[in-house]
Protein chains: 2
Amino acid sequence: MSEPTYEVAGVRTVTCIGAGVIGGGWVAHFLARGYRVLAWDPAPDAAEKLTRLVGNAWPALTELGLADGASQANLTVVPTLVEAVAEAGFVQESAPEDLELKRRLLAEIDAATPAGVVIASSTSGYSMSEMQVDTATPERLVVGHPFNPPYLIPLVEVVGGRLTEAWATSWAADFYRHVGKSVITMENELPGFIANRLQEALWREALHMVANGEATVEQIDTAITDGPGLRWPAQGPLLTFHLAGGEGGMAHMLDHFGPSLKSPWTRLEAPELTPKLRNAMVDGCDAEAAGRSIAELVAERDRAIIAVQRAVAQARRG
Amino acid sequence: MSEPTYEVAGVRTVTCIGAGVIGGGWVAHFLARGYRVLAWDPAPDAAEKLTRLVGNAWPALTELGLADGASQANLTVVPTLVEAVAEAGFVQESAPEDLELKRRLLAEIDAATPAGVVIASSTSGYSMSEMQVDTATPERLVVGHPFNPPYLIPLVEVVGGRLTEAWATSWAADFYRHVGKSVITMENELPGFIANRLQEALWREALHMVANGEATVEQIDTAITDGPGLRWPAQGPLLTFHLAGGEGGMAHMLDHFGPSLKSPWTRLEAPELTPKLRNAMVDGCDAEAAGRSIAELVAERDRAIIAVQRAVAQARRG
């Protein structure tokens, strides 16, 4: 099978395997986007858990706006994996993070799912190359890694394994976009993918600081919530530094502050700032700025910081 | 001199040294809070630069709400450092990051500033212990490290040097709070303080990924803006992981996912998860949660994510 059975817009039924927080979050997301969802989990209370998870998410999803025909009633929790995938237009697996379990489960899902239907795993810890080894048609298996809660955080990281074919990765990315997600398609498998690598670097530095009595939990969280964290929903860390360079942007930042990469400002050593890396950073920021001047980006940042602070203050009041 | 001359609420005049982006940002902040500001910078166009910086910031500050009597007209750019500090109730130094320059400048500021007036440096790169060596009264010098732009980002990190007395650090923290900032007072000097250490860990991991062709600039920024970055203005990275542990909170997170600290999910190695560190993380999250249950924190997070996304979308439209 070298091509997908369904067009992205032709999918009506999505199968979700796993009734944990991530599996339930996916169920809620697909229901809110108007899909019929078939779900399965070996736990005896799977239906109860999923119904509760979806019920808890529904007010937020209603507030965000439901698709035509979206309803909690479109969820059916079925007793077997085979029934769950029989009519699937897309399968999202969100089982516990256990490599042997994932291998076995994906092989079972693959065996029962109609040909040409893409199967995605929510894994955050494994590569698809490690997981797809026991499947009969590994070419349609991809990682589609979401963030908690999957019905609110747009990001999905898509990456195939060694045996995945390009059409499957590309179809999954298109489908996720079609259902409202923000998709990063990675060319190569990388432990932690992208977002969790960044998050993990910050987390480990934080653990070191607490372990050494250099900062408290509350100081670390305040340092982010009341500091750089206010900029990041609007402009990522690299575009943020593009602005820190003033009119010269990232080029000035690197040429001027490059030596600070040698400073002991974290336990993580920086790479050598080669001309190639310098240019990749500069060109990347220029591409991301997409013609917006530094002054325009600054104005956008300032509007966003004010709006984000107000939004958070209001959300805290409830 | 073992105590401050002014009560925090008694300060009427603030002196800002330096007419760069940070210095100008401080000028704008203090003007907006209703202070008279005296400023000095050796650049011949200092007045012009500061007037422009304040003018650019003023619409945002007006939108946020000005203090009674706040006016851009309350800024006076004076020709000498001595005139700038003569009537200061508080001095904020924001000169370029150059240790020799800072040492000399702080010695001059200290010599000319009335006794018992606290002098703060905006430095991000040096410790006050390194900078205060040539001053006659080092006990009143502290670091007050802001984030760009200082008139919008609330965080200020306050830390003294070896020769700083406790009253000065405590007075500076109180004064910054009085003018609307969110203050972290650090017990010990740490390169990069707290927020920049976290930011720097993320930045260095990002540079490694670009250097190795593992991710592009745009993918890295999207990974944050559309992923974990949406959570961080409301709940910092550690409280975020407290929620990731489900009802068991940070304790469950560490007991369950602790082994993942050995995973190669970043180039930064994690510390050993000793019982002491585990308990410090758990107790810190409990303290920060301040009685809010996981369910309440989840509801707060979800409200915040929705509100933040809307705020950012609106800010991007302009």
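A: Two residues are in contact if their C-beta atoms, placed from the backbone, lie within 7 Å. Keep in mind that this is a predicted model. With that cut-off, 92 residues of chain B are in contact with 93 residues of chain A.

Q: Which element of chain B gives the largest share of the side that touches chain A?
A: That's helix 7 of chain B, with 17 residues. Other contributors include helix 2 (46-64) and helix 12 (294-317) of chain B. By class, this side of chain B has 55 nonpolar, 21 polar and 16 charged residues.

Q: Why are helix 10 and helix 11 of chain A called roughly antiparallel?
A: Their axes cross at roughly 155°. Angles over 145 degrees count as roughly antiparallel, so helix 10 and helix 11 of chain A get that label. Their axes come within 8 Å, and the crossing is right-handed.

Q: What residues meet where helix 10 and helix 11 of chain A touch?
A: From helix 10 of chain A come G249(A), M250(A), A251(A) and L254(A), and they meet R278(A), M281(A), V282(A) and C285(A) of helix 11. That contact has 6 nonpolar residues, 1 polar and 1 charged.

Q: How do you know that strand 7 and strand 8 of chain A pair?
A: Pairing takes at least two bridges, and 4 bridges join these two strands, so they pair. Together with helix 6 (residues 166-178) of chain A, they make a right-handed β-α-β unit.

Note on methods
Residues numbered from 1 in each chain as written. Chains lettered and ligands numbered in written order. Predicted model: local features only at pLDDT ≥ 70, side-chain atom pairs only at ≥ 80, totals over all residues. Nonpolar A, V, L, I, M, F, W, Y, C, P; charged D, E, K, R; others polar. Right-handed = clockwise from strand over helix to strand, strands pointing away. Axes fitted to C-alpha atoms, helices over the stretch in contact; angles between N-to-C directions. Parallel < 35°, antiparallel > 145°, perpendicular 65-115°, else oblique. Left-handed = near helix turned anticlockwise from the far one by under 90°.
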